[in-house]
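Here is a short briefing on one protein model. It takes the pocket, then the annotated span, then the helix packing.

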Amino acid sequence: MTTICIITGSTLGGAEYVADHLNDCLTAQGFAVDLFNQATLADIQDRTHLLVVTSTHGAGELPDNLRPLFEEIEQSDLDFSAMKFGVVGLGSSDYDTFCNAVNIVEQTLKAKNATQLCDSLRIDVVENFNHDETAEGWLPNFTESL
C-alpha cells in the first residue's frame, strides 16, 4: 500500500483545512496517509511520496511552521532521489509574490533530487472561494502519477 505523507505550511489555517480535506479524499481512495502540520526532517526524510500544502506568507515566504524544515533540507546533505512529490499552494494574486512558497518548495526538493510528479496547483484565494473542491479536482494529477 502506498503511504502518502502530507505536510502543511499555514499561517491562518487555510492550507491546513485543504490538507485535512485531501487527507480524507486519499484515505477514502485506499491510501495510507500521514499528516504533519509541524513537520520535521525526521518526519519526511525517508518518505517516498510527499504532498506539500502551503500558503505563501509575507513577502513571498514559506509560513513560519514550514520554514525551519525547508531551511534544514537546504542545509542537509540528504539525497531525496527516492522521493516523489506534489505541491498545492494558496495565495493572493493581489501580490506580485503570488504562491511563491510553491516555487520555494519545488526548487528546494528538486535540488535534493526529488521528482515532481505533476504541475503544482496554485489556488488564488481572491478568485477562488472553494479551496477544498479545487484541490480535490487537482488530486488525480498527483495520484495517477504515483
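**The largest pocket**

The lining of the largest pocket holds seven nonpolar residues, 12 polar residues and no charged ones. The model is a predicted one.

- In total, 19 residues line the largest pocket.
- Leu 12, Ser 55, Thr 56, Leu 90 and Gly 91 lie nearest the centre of this pocket.
- Helix H1 (14-28) and strand S4 (84-91) are the elements that give two or more residues to the lining.
- The space in the largest pocket comes to about 320 Å³.

**The annotated span**

- UniProt lists residues 4-143 as "domain: Flavodoxin-like", in an unreviewed entry.

**Helix packing**

Two packed helices are described by the angle between their axes and the distance between the axes.

- Helix H3 (residues 67-75) packs with helix H4 (residues 100-111).
- The angle between H3 and H4 is about 30°, and their axes are 9 Å apart.
- Angles under 35 degrees count as roughly parallel, so H3 and H4 are roughly parallel to each other.
- H3 and H4 cross in a left-handed way.
- H1 packs with helix H5 (residues 131-143) at an angle of about 50°, with the axes 10 Å apart.
- That angle makes H1 oblique to H5.
- The crossing of H1 and H5 is right-handed.

**To recap**

- Which helix gives two or more residues to the lining of the largest pocket? Helix H1 does, and H1 also packs with H5.

Conventions:
Residues are numbered from 1 along each chain as its sequence is written. This is a predicted model: local features need pLDDT of at least 70, side-chain atom pairs count only at pLDDT 80 or more; totals for chains, interfaces and linings use all residues. Side-chain values use heavy atoms; hydrogens and water are left out. On a 1 Å grid over the protein atoms alone, a cavity is a set of points where a 1.4 Å probe fits but cannot get out, and a pocket is an open set with protein on both sides within 12 Å along at least five of seven lines; lining residues have an atom within 4 Å of a point. Grid points are joined across faces, edges and corners, and a volume is the space filled by probe spheres set on the points. Helices (H or I, at least four residues) and strands (E, at least two) are DSSP runs, numbered from the N terminus. Ala, Val, Leu, Ile, Met, Phe, Trp, Tyr, Cys and Pro count as nonpolar, Asp, Glu, Lys and Arg as charged, and the others, Gly among them, as polar. UniProt positions are given in the numbering used here, feature names are shortened, and annotations may be inferred rather than shown by experiment. Axes are lines fitted to C-alpha atoms, for helices over the stretch in contact, and angles run from 0 to 180 degrees between N-to-C directions. Angles under 35 degrees count as roughly parallel, over 145 as roughly antiparallel, 65 to 115 as roughly perpendicular and the rest as oblique. A crossing is left-handed if the near helix is turned anticlockwise from the far one by less than a right angle, and right-handed if clockwise.
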